[in-house]
Every structure is written in structure tokens, then in C-alpha cells.
Amino acid sequence: MVTFPMPIFLPESDIAPVKARKQEFYEGLTRWKLDSAETAAERGRMVTIEAADYEQALTRFNHLAISNLWGDGLPLWLPTPQRVQWILRGAAAPESLVLGKMPPRGAIVTVEACALALAMAGGRPEYLPVLLAAVEAFLDPSTNSDQLQAASGSAFPVVIVNGPIRRQIRLNSGFGCLGPDPQRPAGASIGRALRLMQQNLGGALPGTGAMANYGGMRYTNAVFAEDEEGSPPGWIAHGTERHGFEPATNSISLAFASGATNIRRRSAKKETAEEDALQGMHRMADFLRTPNLHCVPGWTDGTPGVLMIPNIVAQRMAELGWTQKSMRDFLWEHSKIPMASLTRSGSVSWIEVDSNPATRASLQLDPWPIAARPENLILTVAGGGHPTNSYWLQGYSPAVVGRRIALPSDYDKLLAEADRDLSCGSDACAVD
Amino acid sequence: MRIEFHDPSGTIAVSQPHAARVGTLDGKTIGFLSNEQWQAHRMLPLLKSLLESDFPGARVLPIDAFPQGNAEIPKDATCALVQQAGVDAVIVGNAS
């Protein structure tokens, strides 16, 4: 590979360095050799540190995590064999099972590697089934995770969890569901573990393996539960609606997003309930109607984003006659972007260079819909029971991939141990 | 005390070695795979002219001889087209 500083890649740049360094191109074709002869077993190496006590060992490990680029800068747990084995109790599959390779670096992803990351991230064994399903989905080629990991758009995985496991492992679907939440901490650990894998196995280090300009949401990614209990009657859970899983199936759904924004949904004065609902819908659609091009990669098969609305809003709107379908249809219809707006912002050329012929052909549509069909938009009930806001995870997602969550045979025992360790709160008791 | 822990960076197994390099570019057929971004439309034609000047015996294919775009480059169909064209070496650019 012949690399140049960024300025040469900008419009009207001086490309003379290409000529000056032409020999490097020639040698790349004739003399280049892989400088690594790595061939290894799937099991990683062990590292030993000497310390006076565990406190000092933990400190030394965290110093090593910084110097060896293993961490995210926040404190980590030591991935000792004991801790990793404890986490592995949550695996239904053998620890040596290979799930794939984490791009772009390509380190091998095993069940054990997932447990290792979860151990470092402060996770627990009962979280591991969700992480394993999320990693499987992440590695599905249709997600383009190999490109999104490295690209500049700061894409991060969004994992929506359905099924009884949500409450069993203390995964938040309510107030502060994107974290942090000490009462329902599972999402932070699971998402952080996935992020550590992206970095440590995938090599997605800022400025080298990951060119994300900003990297927002990347400490923990976004892992939350759909508020199935708070959804209005007739609403279909996301895992069932999008992926066809049977209702009450433990499952995850993974998409990529490149932004996270609050939308002021509630009306402010003496509006009627109908006006409040309609104004909120328009405000959300107006926000979605941004020629930001995030929706182009997922135009046909992925998603323009994940719109989260609180249960109290969904229920009130259902009382007014709105359905899951009518809300999504409305948002799709009213988020269409006038071609004049796309043209003015230069967005047309980004659609013209898209690899998907159907996406390119969509330029015939004026106004231009942000997705090929309303169903591409993920509309989900989540967030605390307060009517003022909704939340938009701006998609950057060629696909939305679902996976069933596989549980080990003694999962109930793990949940009981979690209750013992964490106490059984009023809304977070493992065994309902 | 000694504490042992797992190396978090995992392991890499090279199961698909990179293609062998050609000994010389003289007499060879050289192709381009362009993603048409990051000034590839200027830099790759410059490289083509340099190759033609420095290796008069080489056959340098047009920049657009093969499908272009980030999504097109890794496709098996594109790879097959490159092979069918009898290309000995290929320059891929520009990285995004």
C-alpha cells in the first residue's frame, strides 16, 4: 500500500507526490512482501504480571491496557482465566467455536474471545448470550461492518433486544435506556465488550484502523431493550416484525447508526390531544427529512434509522387511532426530501455513485423518500414514560440483521446468582 | 504474586496469502480498480501515464476497464473480469 497525507485526496489538490513516489507503486507490484508470517492457533497467548497484590496487579494491567492499546481509556477488569471461565458459563456453544474474523485487522473471534471482552468490560455470564448473538450479527457480511468499522462516518452498532431475556438480565428499555443505569447495567457492558472487540480484535483504533471523525456513542455502542410491555395492544415486537421471530423469542436485531439525537416531540401550550400527536409526528418527520445521506447505504434493504418513542406516547396515540403501521407510513411519507433540496446540497451525486442500481434509480422520485419503503424505518417503543421527547438513531446501515439468542442449559441458575449478587429490585428481578 | 491474563488482542491466522508479486512490469498487463473517490479520477490516470512511460513494453489498461466504485471492487464478478482480461498486476485506489 502506498499511503499519502490527507491533503492530496482533497479536491484540486497537488498530486505531484504521486509522480515523486512512483517507485513505491512499482515496487508494490513487484517486490512487496507481507511483513508478517502470523499463523496461529485460535487461542490467544497468556500474559503474566508480577505484583505485590491484586490491587497492584489491576493497576499494572490498566497501565498495560493503555500502553498496548487494549482498552478504551476507562478502567477495565482483568481478563484472568478465572473471570473468563466465569463469563463462559453463559455460553451455549463451546468456547473454541469460531464465529468469524473481526475486521479490519482480522483477529479470530471465538466464543472465548467474546467472553474475554465481556470480562474486561465488567460484564456477567448472563449477558454473554446477548453479546454472542450481537457479534454473530455484526460479522454478517450484509452489515458491511468491515467497511463501517474503518470508515470516517463514526458508525456504531445499535442492538435492539427482544424477548424475556431483556428483563432477566437487567437490560434497560425505559428511562435512560441508552445508559448509564446502575439498576439495569447490562447494555453498557454488552456494548462496551463489542466495542473492545472491534478495537482489540478488529484493530479499529482512532486514526488508523478507524477513521471515524468523532466516534460518538463508541464507548458502549447502543444496546437497549424494546419496551414490549409498554407497547400498545396490537404493536408487534421489533424482532417479530422485522425478522419474523416468534413472539417472545429472545433475539437481537443489529443495525448501524452514525448519530444520536433527541427530538422535542410534545407540544408546548393548550393543544388538544390530536394536535399534540399530529404536531409531534410532523416534528419527527421534519427531523428525518434531512438530506444528510446517512440513509443512502440502507435505502433498499437496510434502515434510515431507529426512531424511539416513549410508551406513554405510543399508548396515547393508539387511543387516538394511530397504529404502528399508520405512524410509520406517516413518517415515511412526510420525511420525503424535495429534489431541489437534494440538488442544492450536492446530495444527488452521492446517490448517483451508490453501488445499488435501485438506489440510483430512486433519483427519479421527487420528493425522494429516505427509504425504499416505510417498513425499512425502525419504529420502536423505548425510553422512559415521559411524553416530551423521542430519540433518533440516524441509520448508516445497509442491512438490519437479526439473530436468535441461545441460552445455556443452566441459565436459570445464572439468573439466580445475579439476583444474589445484585439484589432483586422491584423492576429487575431475574426470575419473574 | 503472579497474575496471568488473556492477551486481549487475540490471534490472527493468515489463511489466504497475498498474491505473488510479478518479477518485473516489462511486458506485463496492468489494470486499475478505481473507486472513483478521493481524487482517483486524477491520480490513477497520472499513474497510468507514468507506467506507460517507464515501461513501454507493458500493456496498461484504461482506468474504466473494470467496474468502478467501493462496492464493485471486492465483488467476485469484478475479480473474474480482471482475471479474464489477463491482468498480471492491478492497482486498487483510492482508499476511503
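Arg170(A) is buried, at 4% relative accessibility (buried means under 20% relative accessible area, exposed over 50% and partly exposed in between, with a 1.4 Å probe and protein chains only). This residue is not a glycine, yet its phi is positive, about 65 degrees. Arg170(A) lies in the loop between α8 (165–168) and α9 (186–200) of chain A; helices (H or I, at least four residues) and strands (E, at least two) are DSSP runs, numbered from the N terminus.

Asn144(A) likewise has a positive phi without being a glycine, about 60 degrees. Its place is the loop between α6 (128–138) and α7 (145–150) of chain A. With 27% relative accessibility, Asn144(A) counts as partly exposed.

## Basis of the values

This is a predicted model, in which local features need pLDDT of at least 70 and side-chain atom pairs count only at pLDDT 80 or more, while totals for chains, interfaces and linings use all residues. Residues are numbered from 1 along each chain as its sequence is written, chains are lettered from A and ligands numbered from 1 in the order in which they are written, and side-chain values use heavy atoms, with hydrogens and water left out.

## Cis peptide bonds

In chain A, the peptide bond between Asp366(A) and Pro367(A) is cis, with omega about 0 degrees. Pro367(A) belongs to the loop between α16 (357–361) and β8 (378–381) of chain A.

In chain B, a cis peptide bond runs from Gly93(B) to Asn94(B), and its omega is near -10 degrees. Asn94(B) is in the segment after β4 (89–93) of chain B.

## Nonpolar cores

A nonpolar core is a set of buried Ala, Val, Leu, Ile, Met, Phe, Trp, Tyr and Cys residues joined through side-chain atoms within 4.5 Å. The largest one has 66 residues, and Leu128(A) and Ile169(A) touch the most other members. Apart from it lies another core, of 31 residues, including Leu288(A), Met327(A), Leu342(A) and Trp392(A).

Neighbours within four places in sequence aside, Ile169(A) is in contact (heavy atoms within 4.5 Å) with Glu126(A), Tyr127(A), Val130(A), Ala186(A), Ile190(A), Tyr411(A) and Leu415(A).

## Cysteines

Over all chains, the structure holds 0 disulfides, a disulfide being a pair of cysteine sulfur atoms within 2.5 Å. Cys114(A) is buried, at 0% relative accessibility. Cys79(B) is partly exposed, with a relative accessible area of 40%.
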